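This briefing is for a reader new to the structure shown below.

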Amino acid sequence: MSDPVRSLISRAARAAVFSRSGSLRSRAARAAVFSRSGSLRSRAARAAGFSRRPLGLVLGLVLVLAGCAQDAELDTFQDRSETARQINDLMYPVLIVAGVVLALVCGAILWLAVKNRVPADKDYEGEFPTQVSHNNRLEIGWTIGPAVIMTVIAVATLITHVAVNSTEANAIEVQVDGQTETWEPRVVVVGQQWWWEYRYYLTRDITTEDLGKLGEDADWELPRADIVTAGQMVIPTGQEVELIITSRDVIHSHWIPALNGKKDAVPGLYTPWKLEADEPGVYFGQCTEFCGLSHSRMRMQAVAVTPGDFQDWIDAQMDEATMPTDEDTAEYRGMEVFTNYCASCHLVTGLNDGDYNGAETYSGSAPDLTHFAGRTTFAGGLFNLYNPDGSLNDDDLAAWIRNPNDVKENYADDLPEGSLPRGMPDMGLSERQISDVIALLATLGPRPTEAQILATEVE
Ligand code: CUA
């Protein structure tokens, strides 16, 4: 080693070793404080110290209290299903162990720092601190301790992982168009920019294997389903419902924290997952994989209802839309607007199912609107379709139809030549056309009850 290098290393070593030393410390402190004018700096430091302390306290309090909301929609601590409880039964002990380890490590660091504080009047110049090495008891302890903790956590995690990922949905009997069908509760969940589609196959059995054979070429065209909804998935209570999760464009992630953890929606993959709700209720969810402009506005709800109410819901969903026949009505004009502007993307069974061939969007898909008015949210679970008094929220609906990009960003307008929109484009409708098409939309599907409207309200 050359001399200059050696001297550099030894200087660095000294600096490190003597960081405790009074002379170095005080020199550094002096340099910092007196770098400009001593009095000015210290006054500034005092001022900063006084104003920062309460600010830090307030910020800390806000952070802590923010975790205490009782009605937080995406609160993982409020488990409402067996699966969510299994996840929390793992999380709580791990949090406690991690907390104890954190307290021990931080406590030891603080204790050692205070214990070995340098007295202000002592000068260590030229002195070496006592050198310590090879403490066998300590070394064996901090090797075996963490290994045991990690092994226990790993085994517990594996057990929970298997439990959460195993599905054993019991078949239930449902009435479909007057016929009794044995239904393995299974819903195909499809993510696309930026909404969720839920497909129910009641009269035929669809498995992950069946869908897996479709591969990535399946595109939007999954096997024809009996019921197709958007944004809201209705499930019967006390019943494990198997999900098959996929995507039509980019990777999304399905997450309804009160009922289960997250599962990615990957194009071309059909991933099994499950949900189960103990009690009737509305469970909020959010896409949790960054998927483009409106990722944060890709929301959903699981609406759990009693088995009886679930049958009523099926009955309503199996009805085709009835089209207006009186030419002098807004609904009739709305039907013409729909046929001219909306039908190239949206399906309304009973109106354009004869020649519907997928949506002219990147994903090849747009929400099925056959029972639009039977849902309580629209535009990816973002807006309320009804006001709390039960009237249609036509302000938000009109704003969405007038120019979707104004209320929910998407890559729909000003696209390069030849590329398809991701999200809903501005169709350039007149105000008259907008109110007419809203009049038609309001007739599609049965009106939800006031209780449903209030329970599913989004902010
Ligand atoms: Cu879909 Cu994020």
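Trp183 touches Ala171, Ile172, Val174 and Leu202, leaving aside residues up to four places away in sequence. The model is predicted.

**Around Trp183**

- Trp183 belongs to strand 2, which covers residues 179-183.
- Trp183 has 20 other C-beta atoms within 10 Å, so it is buried; the cut-off for buried is 20 or more.
- Leu202, one of the residues that Trp183 touches, lies 19 residues away from Trp183 along the chain, and the C-alpha atoms of the two are separated by 5.8 Å.

- Three strands make up an open sheet with mixed pairing, in the order 6-12-11.
- Strand 6 (232-236) and strand 11 (281-286) are the edge strands, and each of them pairs on one side only.
- On average, neighbouring strands of this sheet are turned by 20° against each other, direction ignored.
- Strand 11 and strand 12 (residues 299-305) run antiparallel and are joined by six bridges.
- Phe284 stands opposite Gln301, a residue of strand 12.
- Packed on the sheet is helix 7 (residues 307-318), which touches strand 6 and strand 12.
- The direction of helix 7 makes about 130° with that of strand 6.

**Helix 9 with helix 11**

- Helix 9 (residues 394-402) packs with helix 11 (residues 431-441) at an angle of about 120°, and their axes are 10 Å apart.
- Helix 9 is therefore oblique to helix 11, since 65 to 115 degrees would count as roughly perpendicular and over 145 as roughly antiparallel.
- The crossing of helix 9 past helix 11 is right-handed.
- On the helix 9 side the residues are Asp394, Leu397, Ala398, Ile401 and Arg402, and they meet Ile434, Val437 and Ile438 of helix 11.
- Sorted by class, this contact has six nonpolar residues, two charged residues and no polar ones.

**Helix 8 with helix 11**

- Helix 11 also packs with helix 8 (residues 330-342), at an angle of about 105° and with the axes 7 Å apart.
- Helix 8 and helix 11 are therefore roughly perpendicular to each other, because that class covers 65 to 115 degrees.
- Helix 8 brings Ala330, Glu331, Arg333, Gly334, Met335, Val337, Phe338 and Cys342 to the contact, where they meet Gln433, Ser435, Asp436, Val437, Ala439 and Leu440 in helix 11.
- By class, the contact of helix 8 with helix 11 has eight nonpolar, three polar and three charged residues.
- Val437 of helix 11 takes part in the contact with helix 9 and in the contact with helix 8.

Definitions and conventions
Residues numbered from 1 in each chain as written. Predicted model: local features only at pLDDT ≥ 70, side-chain atom pairs only at ≥ 80, totals over all residues. Pairing = 2+ DSSP bridges. Helix = DSSP H or I, 4+ residues; strand = E, 2+ residues; numbered from the N terminus. Axes fitted to C-alpha atoms, helices over the stretch in contact; angles between N-to-C directions. Contact = placed C-beta atoms within 7 Å. Parallel < 35°, antiparallel > 145°, perpendicular 65-115°, else oblique. Left-handed = near helix turned anticlockwise from the far one by under 90°. Nonpolar A, V, L, I, M, F, W, Y, C, P; charged D, E, K, R; others polar. Buried ≥ 20, exposed ≤ 12 C-beta atoms within 10 Å, placed from the backbone.
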